[in-house]
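Look at the structure below and keep the sequence beside it.

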Amino acid sequence: MKYCPNCGNKIDNTQLFCNKCGKKLENTNQKSTDYKYQNSQLVSNNSRNGQSRRNNSKLIIIIFSIIIFIMIVLALLFGGYYFYKNIVLGNGSINISQNDNETTQNNRQPVVNVLSSDFSENFMNEDNTGGYEGFNIGMSKKEIQSNFGEPSNSISMDIGNVEQYNDIGVYYGIDGTVSSVYVLPEDTSVSDFKQFHGDPTVETETQLVYDDNPNNGFTIFVNIENGEIQSIENTYQIDEDSLDNME
């Protein structure tokens with residue numbers, strides 16, 4: 001039982017209007033039902049929000065783990081590169097010594113056996129006017145040193161200063177590019193050379209000239225010094241008159 005808030009008349013819980021004054025009354029059952037519905041909605045929303053927060057936390061953890069993994073990989077790569085560049089190639093405790101560097105460069109520089117069938121076939125009887133063993137006419141000094149390192153020696157010849165790369169000599173013209181390429185044999189006597197390759201077309205005190213074919217486009221000049229072969233050049237063919245005048 002309850003009372004009308006307006007006139008105090010006794011009324012039932014289910015009445016919508018006071019039977020004495022006619023005032024509209026609140027339905028407490030409906031209010032209770034509305035409250036329960038609102039409360040259940042609030043609980044449901046809180047549950048969904050909690051699940052969403054948990055999912056977001058998992059996603060953040062996954063992303064953070066991926067970032068850490070990438071950073072570790074990058075650190076390992078950078079560490080390996082630093083070790084190789086500054087320790088192996090640099091001045092660290094495991095560095096390659098200067099002698100090792102010189103050995104590496106020398107290994108890139110050709111060794112030519114002038115008393116071999118390979119040299120006879122591929123140099124003495126083959127057109128190499130454009131260069132030999134990777135040393136080509138027209139190359140710059142930078143290109144030569146990039147491919148073969150620093151010269152092992154420098155010798156003076158009639159043409160001028162020739163830079164030596166093991167058994168190959170290079171002369172640079174006024175434009176700074178290779179203008180002549182020589183083979184520079186070591187400890188090869190004139191007699192041994194002639195015995196292996198035969199008598200030259202022309203022989204003087206300072207030179208052997210091989211050119212038995214007037215139409216092959218090249219001539220072999222062998223410079224002599226103190227009974228030893230100083231240099232061998234495969235160059236553009238000279239005319240027959242010039243060849244005859246050398247005899």
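What follows describes the chain as a whole and then some of its ring pairs.

This is a predicted model, in which local features need pLDDT of at least 70 and side-chain atom pairs count only at pLDDT 80 or more, while totals for chains, interfaces and linings use all residues. Residues are numbered from 1 along each chain as its sequence is written, and side-chain values use heavy atoms, with hydrogens and water left out.

The chain has six helices and 12 strands; these are DSSP runs of H or I over at least four residues for helices and of E over at least two for strands, numbered from the N terminus. Of its 247 residues, 30% are buried, meaning under 20% relative accessible area with a 1.4 Å probe, protein chains only.

Five aromatic pairs are counted. Rings of Phe, Tyr and Trp (its six-membered ring) pair if their centres lie within 6.5 Å; planes under 30 degrees apart count as stacked, over 60 as edge-to-face and the rest as tilted. Phenylalanine 119 and phenylalanine 123 are stacked because their ring centres are 4.8 Å apart and their planes meet at 15°. Both lie in helix H3 (residues 117–124), four residues apart, which means a separation of about one helical turn. Phenylalanine 119 and phenylalanine 123 are buried.

The rings of phenylalanine 193 and tyrosine 210 form an edge-to-face pair, because their centres are 6.1 Å apart and their planes are at 70°. Phenylalanine 193 belongs to helix H5 (residues 190–197) and tyrosine 210 to strand E10 (residues 207–210), so this pair ties together parts 17 residues apart in sequence. Phenylalanine 193 and tyrosine 210 are buried.

Conventions:
Buried means under 20% relative accessible area, exposed over 50%, partly exposed in between (1.4 Å probe, protein chains only).
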